[in-house]
Amino acid sequence: MEIINIVTAVASISGLGVVFGGFLGYASKIFAVEEDPKVGEILSVLPGANCGGCGYPGCSGCATAIAEGKAPVNACPVGGSKVANKVAAIMGVEAADTEPQVAFVKCNGTCSNAKSKYTYEGISDCVFASQLAGSGSKGCTYGCLGLGTCVNVCDFGALSVVDGVAVVDEEKCVSCGKCVKACPKGLIAFKPKSKKTAVRCNSKDAGKEVNANCSTGCIGCKICEKNCKFDAIHVENNVAVIDYSKCKDCGLCAMKCPKHAIKNERAEAMAAKKAAEEAAAKAAAPAAEEAKKDDAPKSE
Amino acid sequence: MRLILLLLAGIFVNNYIFSQFLGICPFLGVSKKVETAAGMGIAVIFVIVLACAATWLIYNLILVPLGLEYLYNIAFILVIAALVQFIEMFIKKSSPSLYQALGVYLPLITTNCAVLGCAVTNMQNGYNFIEAIVNGIGGAGGFAFAIVLFAGIRERIAYNDIPKPFDGFPLALIGAGLMSVSFLGFSGLIKL
């Protein structure tokens, strides 16, 4: 008797389940909604990081917007021109070549370059620290606090704090813009990946104050502005800003900057080469002098 | 007369949200805009009325004859889940904008305890088929009424300068509590 009770209970509930399942399966065919196959195709091409850098909720939102024509084929800032080309092929349009962008940090106030007002021993979060007295422990109120809020927010491991200042690994950076939003000091901005020149300072203080706090801050002297042949760098609010649409990446500003606040890899390489030559010359100098002494009689 | 009283009791006296505290999840989740709140309310009315009819039939035509009344919870959950799936398909086909607006909350009606609560109330009070459906309309109407009122209040709140600690859900919960207190004024008004 009890076994029959169990059997009827199981049978009736599973019977209900089978009936509902069959009904739903049938209904799903009747009420099937035709989705644009392009959405799926675009989604499979997108990076799938769901970072939200495009401004849509995740990659599927972006794919839907592209398929509906609401977003351009290069809407994904992460994928760059590679993904844009694939999406364009799906959508049947030509993609305009997009210059890949990378983030860069507008501060070079490393532990040795910049002074601190006090020793900070609180939680390791820039947003928190920036709300404390003097907006953080750094002498310069505009400088990078180096507590790594941007590092934590980056999904691609492109940021790291080196010697108290955040540094972007341009190879890993996909320009999703999360760090730009996360930095309480607004220190992170985008530049074209091919352009190697960047102003590594965001201090709007006057020159005297900058000098007091940092050995490599922009003092707004306008030497770069006068030297630039392309009208691409201007001092605005006491800090030099590069207009990348005009910048030819010649690196002249970086070489002329008396505070070394502008970074250019070429200029750095040249400076390093020069320094190496000087060092080599110094090292070689005694030997050369000796050689001269040796040579002198012979030539005469 | 009894049916009208049943309807009014469902809306005001035994309001699912304010006196029985059922279905709080969608009540807080979809009450940011009057428009989506109204959509959610209509979806809930739709689901509850159909669920009341379906569960009444299942209970009285299958469970009672088989002597399986004790299985009502499992059976009701099964019915409601299948029904919500069906409604989701139906809305996706017939009204994509409503589908977009409801988003994740439509599948969440599956686990909305107001739906199960309504079905269980019908069974426990021994309502007949018509009474069960009227009770469903009343209860679901009360839910829709509450969520639309609350969305109106939250829309007004959104434009005000609110102290940071209260911003968002804290103030929404306080508002819901105050509305609940005011709805308690209806208690005992209708005796069935």
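Is A:D231 buried, partly exposed or exposed? In this predicted model, A:D231 has a relative accessible area of 41% and is therefore partly exposed.

## Backbone of two loop residues in chain A

A:D231 sits in the loop between α9 and β6 (233-236) of chain A, and its phi is positive, at about 60°, although the residue is not a glycine. Most residues other than glycine have a negative phi. A:K222 likewise is not a glycine and has a positive phi, in this case of about 70°. The place of A:K222 is the loop between α8 (207-213) and α9 (223-227) of chain A, where the residue counts as partly exposed because its relative accessibility is 38%.

## Composition of the two chains

Chain A, with 300 residues, has 39% of them buried, and its secondary structure consists of eleven helices and eight strands. Of the contacts in chain A with a separation of 6 or more, 56% are between residues 24 or more positions apart.

Chain B contains nine helices and zero strands, so that reading from the N terminus gives the order α-α-α-α-α-α-α-α-α. Among the 192 residues of chain B, 43% count as buried, and residues 24 or more positions apart provide 78% of the contacts in this chain that have a separation of 6 or more.

## A buried tyrosine in a loop of chain A

A:Y120 belongs to the loop between β1 (101-105) and α5 (126-130) of chain A. With a relative accessible area of 18%, A:Y120 falls under the 20% limit and therefore counts as buried. Once neighbours within four places in sequence are left aside, the contacts of A:Y120 are with A:D125, A:F128, A:A129, A:L132, A:S137 and A:L147. The C-alpha atom of A:Y120 is also 9.9 Å from that of A:L145, a residue 25 positions apart from it along the chain.

## The nonpolar core

The largest nonpolar core comprises 35 residues, of which B:F18, B:F27, B:I48, B:I109, B:V115 and B:F150 touch the most other members. Helices α2 (24-29), α3 (34-66), α4 (72-94), α7, α8 and α9 (169-183) of chain B each contribute at least two residues to this core, and the greatest contribution, eight residues, comes from α3(B).

## Packing of the helices in chain B

B:V44 lies in helix α3 of chain B and counts as buried because its relative accessibility is 0%. Not counting residues up to four places away in sequence, B:V44 touches B:I109, B:N112, B:A140 and B:F143. B:A140 is 96 residues away from B:V44 along the chain, yet the C-alpha atoms of the two are separated by 6.2 Å.

Two packed helices are described by the angle between their axes and the distance between the axes. For helix α7 (residues 113-124) and helix α8 (residues 129-158) of chain B, the angle is about 145° and the axes are 10 Å apart, with a right-handed crossing. In this contact B:C118, B:T121 and B:N122 of α7(B) meet B:A132, B:N135 and B:G136 of α8(B), a set that divides into two nonpolar, four polar and no charged residues.

## The interface between the chains

The size of an interface is often given as the accessible area lost when the parts come together. Between chain B and chain A the buried area is about 1400 Å², and carbon and sulfur atoms give 87% of it. In terms of residues, 17 from chain B are in contact with 17 from chain A. On the side of chain B, the residues B:F86, B:M89 and B:K93 supply 34% of the area that this chain buries against chain A, which is more than any other three residues supply.

Methods. Residues are numbered from 1 along each chain as its sequence is written. Chains are lettered from A and ligands numbered from 1 in the order in which they are written. This is a predicted model: local features need pLDDT of at least 70, side-chain atom pairs count only at pLDDT 80 or more; totals for chains, interfaces and linings use all residues. Side-chain values use heavy atoms; hydrogens and water are left out. Axes are lines fitted to C-alpha atoms, for helices over the stretch in contact, and angles run from 0 to 180 degrees between N-to-C directions. Helices (H or I, at least four residues) and strands (E, at least two) are DSSP runs, numbered from the N terminus. A crossing is left-handed if the near helix is turned anticlockwise from the far one by less than a right angle, and right-handed if clockwise. Contact means heavy atoms within 4.5 Å. Ala, Val, Leu, Ile, Met, Phe, Trp, Tyr, Cys and Pro count as nonpolar, Asp, Glu, Lys and Arg as charged, and the others, Gly among them, as polar. A nonpolar core is a set of buried Ala, Val, Leu, Ile, Met, Phe, Trp, Tyr and Cys residues joined through side-chain atoms within 4.5 Å. Buried means under 20% relative accessible area, exposed over 50%, partly exposed in between (1.4 Å probe, protein chains only). Buried area is the accessible area (1.4 Å probe) that two parts lose on being put together, summed over both.
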